[in-house]
Amino acid sequence: MRVILYTGKGGVGKTTVSAATAVACAARGLRTIVLSTDAAHSLSDLLERGIGPEPVEIVKNLEACEVDVHHELGLNWGTIQTYIKHFLSRRGYGEAVAEELSVLPGMEDLFSLLRLLELDESGRYDVAILDCAPTGATLQLLGFTDVFDWYMDRVFDIERKLVRAIRPVAERIINAPLPGDEVFGQVEQLYQRMMRIKTMLTDPSRASVRLVTNAEKMVIAESRRAYTCLGLYGYPVDAVIINRLLPAEVDGYLRQWLGIQSRHLEEIERAFRPLPLLRCKLFPQEMTGLAAVEAVAAEIFGDRDPAAVLHSDKPFDLVGEAGAYEMRLHLPGVTKKEVDLLVKEGELIVNAGGFVRHILLPRQLEHHTVARARLDGETFKILFTQEKAK
Ligand SMILES: Nc1ncnc2c1ncn2[C@@H]1O[C@H](COP(=O)(O)OP(=O)(O)O)[C@@H](O)[C@H]1O
Ligand SMILES: [Mg+2]
């Protein structure tokens with residue numbers, strides 16, 4: 001099953017574009033499911049159908065569902081949650097507070113991703129389209145697997161052994177039960193599933209992330225941060241959808257907006273090169289209903305295969321550790337003489353054979369400067385070292 005994940009700032013058109021992609025995939029005969037993991041579900045409104053946590057058929061080859069976080073939470077976190085609640089109430093917390101505290105903030109989103117594994121295992125779909133929560137939440141979610149990985153690696157086993165050793169004494173002293181093997185078991189199982197999600201979503205042949213953006217300053221800024229961040233975590237981005245573009249024929253004061261958009265379009269081209277940019281005009285009405293969604297699909301994809309991997313190169317690789325990082329860019333077909341670089345206001349500007357790429361530098365590289373840069377075959381290697389304290 002191929003997974004295509006749409007993310008972007010709130011209101012840019014993620015749900016519309018996700019549904020459009022799904023409808024276009026289904027029309028090509030792919031068994032498709034579109035699922036929304038954004039707690040602010042709007043697939044139902046868009047497709048004008050009641051959609052719940054179980055997949056419902058929309059048209060031939062197309063099903064939709066809106067993930068219910070409480071349901072997923074119960075399945076994957078139930079044992080742990082019961083333990084935490086029990087622990088807190090023994091320590092004098094009321095029922096409601098214990099209930100509230102047993103779920104970490106932001107965790108709901110995580111569980112909705114686990115749904116993907118079930119869909120994959122079912123073998124019923126060729127492609128799953130994910131309508132994700134706004135960028136920040138999605139990134140947090142994808143980054144969370146790394147944190148979890150770190151914790152499991154260094155802390156989990158020690159903790160488990162420790163709990164076994166001290167249980168008889170400790171339970172009497174703190175007057176509350178320590179987590180039993182079933183709790184650890186569920187943590188372990190959750191971890192395994194999360195790692196499988198991560199493997200799936202970082203494999204460019206199985207998953208692609210697409211950024212939905214508008215030609216507006218703040219929206220572009222957020223998309224750029226997302227692009228850098230996704231690159232850093234190793235999630236493959238294969239396209240940018242620029243939604244709500246004004247058509248050239250507008251007049252009156254909208255002409256001024258047209259000028260603003262065209263300047264922002266230039267920035268988008270520089271910032272996301274060489275990703276394919278798919279465009280969608282601003283339609284003269286709100287886009288609800290299947291016919292509207294089909295019109296959006298035709299506008300974005302035309303004859304293009306909506307499920308294809310639209311781009312497969314990574315934006316960059318970052319290797320090394322604090323103090324000395326090497327950033328690697330794939331620059332096919334350029335010669336040494338043609339490459340030039342500059343770091344300015346947190347951006348790396350690379351001029352390669354007349355094409356300029358602006359890469360927003362990840363936060364790790366704050367307080368680092370370029371010590372050396374060289375072209376090694378098709379790979380441009382830039383060494384960043386820490387600035388000397390002044
Ligand atoms: N290209 C477009 N032309 C006209 N209206 C659009 C377009 N794209 C989205 N919309 C409208 O904008 C609103 C927000 O879109 P939506 O897909 O729900 O955004 P998001 O999921 O990113 O919050 C909806 O009312 C939708 O119909
Ligand atoms: Mg939405």
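Biologist: How many residues of domain 1 are in contact with domain 2?

Modeller: Ten residues of domain 1 are in contact with 13 residues of domain 2. Contact means heavy atoms within 4.5 Å. This is a predicted model, where local features need pLDDT of at least 70, side-chain atom pairs count only at pLDDT 80 or more, and totals for chains, interfaces and linings use all residues. Residues are numbered from 1 along each chain as its sequence is written, chains are lettered from A and ligands numbered from 1 in the order in which they are written, and side-chain values use heavy atoms, with hydrogens and water left out.

Biologist: Where are the two domains?

Modeller: Domain 1 is 1-314 and domain 2 is 317-386. The bounds come from an automatic or database domain assignment. Taken over C-alpha atoms, the domain centres are 30 Å apart.

Biologist: How much area do domain 1 and domain 2 bury between them?

Modeller: About 1000 Å², with 49% of it on carbon and sulfur atoms. Buried area is the accessible area (1.4 Å probe) that two parts lose on being put together, summed over both. On the domain 1 side, Arg224, Leu232 and Arg273 lose the most area to domain 2, together 46% of what that side buries.

Biologist: And how many salt bridges between domain 1 and domain 2?

Modeller: Two. The rule is a side-chain nitrogen of Lys or Arg within 4 Å of a carboxyl oxygen of Asp or Glu. Lys314 and Asp317 form a salt bridge through their side chains, at 3.0 Å from N to O.

Biologist: Which elements give two or more residues to the side of domain 1 that touches domain 2?

Modeller: Those are α8 (217-233) and α9 (254-272). The largest share, four residues, comes from α8. Helices here are DSSP runs (H or I, at least four residues), as are strands (E, at least two), numbered from the N terminus.

Biologist: New topic. Which residues are closest to ligand 1?

Modeller: Lys14, Thr15, Thr16, Asn243 and Arg244, out of 16 that surround ligand 1. The cut-off is one heavy atom within 4 Å.

Biologist: Which polar side-chain atom lies 2.8 Å from an oxygen atom of ligand 1?

Modeller: One from Thr15. From the backbone, a polar atom of Lys14 is 2.8 Å from a ligand 1 oxygen, and an N or O atom of Gly11 lies 2.9 Å from one.

Biologist: Back to salt bridges. What does Glu54 pair with?

Modeller: Arg115, with the closest N and O atoms 3.7 Å apart. The pair links distant parts of the chain, 61 residues apart. Glu54 is in the loop between α2 (43-47) and β3 (56-59), and Arg115 is in helix α5 (residues 107-122).

Conventions: Polar contact = N/O pair within 3.5 Å; in protein donor to acceptor, adjacent residues only side chain to side chain.
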